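Hi,

Here's the structure I said I'd pass on.

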Amino acid sequence: MKARVLVADDDAGVRYTLRGLLEDDGLEVEEAVDGEAALARLDAEPPVDLVLSDLRMPRVDGMELLRRVAARPHAPRVILITAHGSERHAVEAMKLGALDYFRKPFDVDDVLAVVRRALGVVRLEAENERLSGEVNLLRSLVFVSPAMARLAVLIQRVGPRDVTVLITGESGTGKERVAEALVRASPRADKPYVRFNCAALTPELAEAELFGHARGAFTGAVRARPGLFREASGGTLLLDEVGELALPLQAKLLRVLQEGEVRPVGEDRSFPVDVRVLAATHRDLPQRVAEGRFREDLYYRLKVVTLQVPPLRSRPEDIAALAKHFLARHTERFRMPPVPLTPALLERLTAHSWPGNVRELENALESAVVLSPDGTLDLELLPGGISTPASPPTGATLREKLDAHERELILAALAASKGQRTEAARALGIGRATLHDKLRKHGLLNEDDEAEH
């Protein structure tokens with residue numbers, strides 16, 4: 001793809017000369033009659049890689065254009081065109097972020113040398129951004145697909161900028177992992193990172209958990225608590241499943257985001273907080289806004305930047321990499337021999353649509369590893385096969401077989417309910433507390449789950 005250069009100069013002759021020179025060198029060239037027209041073009045698509053701007057122009061001159069461009073996220077690099085004797089302005093421009101400059105009247109070879117050098121820097125910066133983003137995201141997610149590589153670049157761009165980010169995507173796609181990558185790319189990476197599931201508690205308890213409460217504010221409040229916003233102050237707070245937040249709490253959350261302070265339940269004073277908020281949801285928030293179930297003003301406050309995590313079915317290239325990762329993880333976890341990713345296994349995996357996304361894929365492979373004979377994988381245990389194992393684990397006792405079958409049923413129920421434990425417990429005919437005990441028994445709880453109980 002050709003690099004795109006924008007030439008901003010109020011002299012039509014200069015624009016014509018530079019356009020011909022740069023197009024002959026294999027570049028895409030666009031023109032702007034002054035700095036204001038250049039800024040308007042930079043607001044449009046496709047993006048520009050490099051700006052060549054005259055220093056003296058009407059309305060918005062080159063120095064002001066440089067200042068405004070430098071303040072933009074993912075700004076293109078700028079080369080200034082100066083008049084003879086304007087070296088002082090050129091030095092000032094370099095301090096403001098100009099990549100280089102050349103003088104009028106210009107020499108063709110000098111111009112080409114400056115532009116080629118600048119585009120080399122632009123390409124290196126873009127490659128570094130891409131690689132940094134992929135390394136960052138690969139610490140949380142396994143992928144090889146172009147769709148996830150593009151997401152990695154966006155994470156690397158927005159991570160360092162202290163703005164609210166809304167992470168959307170179907171259940172099981174890895175939205176929490178994207179949030180972790182954003183935190184690692186942030187200047188707040190070494191500060192507290194607190195996560196809260198908005199669907200986990202009743203509205204009253206959720207309010208106290210988020211904003212804190214005074215001692216005696218309600219029955220059971222035997223001591224004061226600062227709340228998650230104050231615990232995360234200086235760092236980042238992830239509001240997972242934010243679409244499930246009750247309307248009264250949405251109003252209070254909006255006020256916190258606008259004013260930067262929280263008032264605990266039962267307190268008559270507010271406390272300042274400095275928190276970067278990330279929000280994640282599998283819900284269609286615009287639809288919930290239209291239905292009156294989500295505040296429109298809060299929606300726009302949360303979606304300063306929106307990152308969409310693609311479903312697994314739209315990136316089948318990732319299935320093989322994920323399968324190898326999960327097979328290695330779970331065979332090591334259960335002290336079983338390694339299981340190869342055979343062509344037959346990969347064909348079975350790629351034939352399934354994975355409505356539960358990466359979470360469903362991991363659960364299916366974990367279950368199959370446990371229930372298959374050592375060193376092989378019974379394909380009939382995977383989606384599309386029979387629901388009971390063709391052969392029990394080699395040498396297993398009756399109790400081990402029953403436990404393995406119980407674990408399989410629990411994993412299947414969780415996959416069918418897309419991780420919603422209340423629904424999974426109902427499908428299994430047991431209470432949520434009983435399901436929690438069985439999840440602990442089978443090693444399916446993480447540290448956060450244990451902390452909640």
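This is a predicted model: local features need pLDDT of at least 70, side-chain atom pairs count only at pLDDT 80 or more; totals for chains, interfaces and linings use all residues.

**What I found**

Let's start with Trp354: this residue is buried, with a relative accessible area of 1%, and the cut-off for buried is under 20%. You'll find Trp354 in the loop between helix H14 (343-351) and H15.

Is Arg59 buried or exposed? Arg59 is exposed, because its relative accessible area is 58% and the cut-off for exposed is over 50%. Look for Arg59 in the loop between E3 and helix H3 (62-70).

The bond joining Glu45 and Pro46 is cis, with omega about 0°, and Pro46 sits in the loop between helix H2 (35-42) and strand E3 (50-54). Another cis peptide bond runs from Lys104 to Pro105, with omega near -10°. Pro105 is in a loop as well, between strand E5 (100-104) and helix H5 (108-138).

**The whole chain**

Now zoom out. The protein chain has 453 residues, and 44% of them are buried. Its secondary structure comes to 19 helices and 12 strands. If you take the contacts with a separation of 6 or more, 67% are between residues 24 or more positions apart.

**The cores**

How many residues does the largest nonpolar core have? The count is 31, and the residues with the most contacts inside that core are Leu210, Phe229, Leu237, Leu239 and Leu302. H10 gives the most, with five residues.

Click on Leu210 and look around. Setting aside its neighbours within four places in sequence, Leu210 is in contact with Phe196, Gly227, Leu228, Phe229, Leu237 and Leu239. Apart from this core lies another one, of 23 residues, including Leu312, Val370, Leu381 and Leu382.

**Helices that meet**

- H8 and H10: their axes come within 11 Å and cross at roughly 15°, so H8 is roughly parallel to H10. The crossing is right-handed. Pro203, Ala206, Glu207 and Phe211 of H8 meet Leu249, Lys252, Leu253 and Val256 of H10. By class, that contact has six nonpolar, no polar and two charged residues.
- H6 and H7: the axes of helix H6 (residues 146-158) and helix H7 (residues 175-184) come within 8 Å and cross at roughly 40°, so H6 is oblique to H7. This crossing is right-handed. Leu151, Ile155 and Val158 of H6 make the contact with Val178, Ala181 and Leu182 of H7. The residues here divide into six nonpolar, no polar and no charged.
- H17 and H18: the axes of helix H17 (residues 421-428) and helix H18 (residues 432-441) come within 9 Å and cross at roughly 95°, so H17 is roughly perpendicular to H18. From H17 you have Arg421, Thr422, Ala424, Ala425 and Leu428, and from H18 Arg432, Leu435 and Leu439. That contact counts five nonpolar, one polar and two charged residues.

**Two last stops**

Where does His325 lie? His325 is in helix H13 (residues 317-333), and at 31% relative accessibility His325 counts as partly exposed. His325 and Glu362 are 37 residues apart in sequence, with 9.3 Å in space from C-alpha to C-alpha.

Thr376 belongs to the loop between helix H15 (357-371) and helix H16 (398-416). With a relative accessible area of 42%, Thr376 is partly exposed. Thr376 and Pro337 are 39 residues apart in sequence and 8.5 Å apart in space, C-alpha to C-alpha.

Methods. Residues are numbered from 1 along each chain as its sequence is written. Side-chain values use heavy atoms; hydrogens and water are left out. A nonpolar core is a set of buried Ala, Val, Leu, Ile, Met, Phe, Trp, Tyr and Cys residues joined through side-chain atoms within 4.5 Å. Buried means under 20% relative accessible area, exposed over 50%, partly exposed in between (1.4 Å probe, protein chains only). Helices (H or I, at least four residues) and strands (E, at least two) are DSSP runs, numbered from the N terminus. Contact means heavy atoms within 4.5 Å. Axes are lines fitted to C-alpha atoms, for helices over the stretch in contact, and angles run from 0 to 180 degrees between N-to-C directions. Angles under 35 degrees count as roughly parallel, over 145 as roughly antiparallel, 65 to 115 as roughly perpendicular and the rest as oblique. A crossing is left-handed if the near helix is turned anticlockwise from the far one by less than a right angle, and right-handed if clockwise. Ala, Val, Leu, Ile, Met, Phe, Trp, Tyr, Cys and Pro count as nonpolar, Asp, Glu, Lys and Arg as charged, and the others, Gly among them, as polar.
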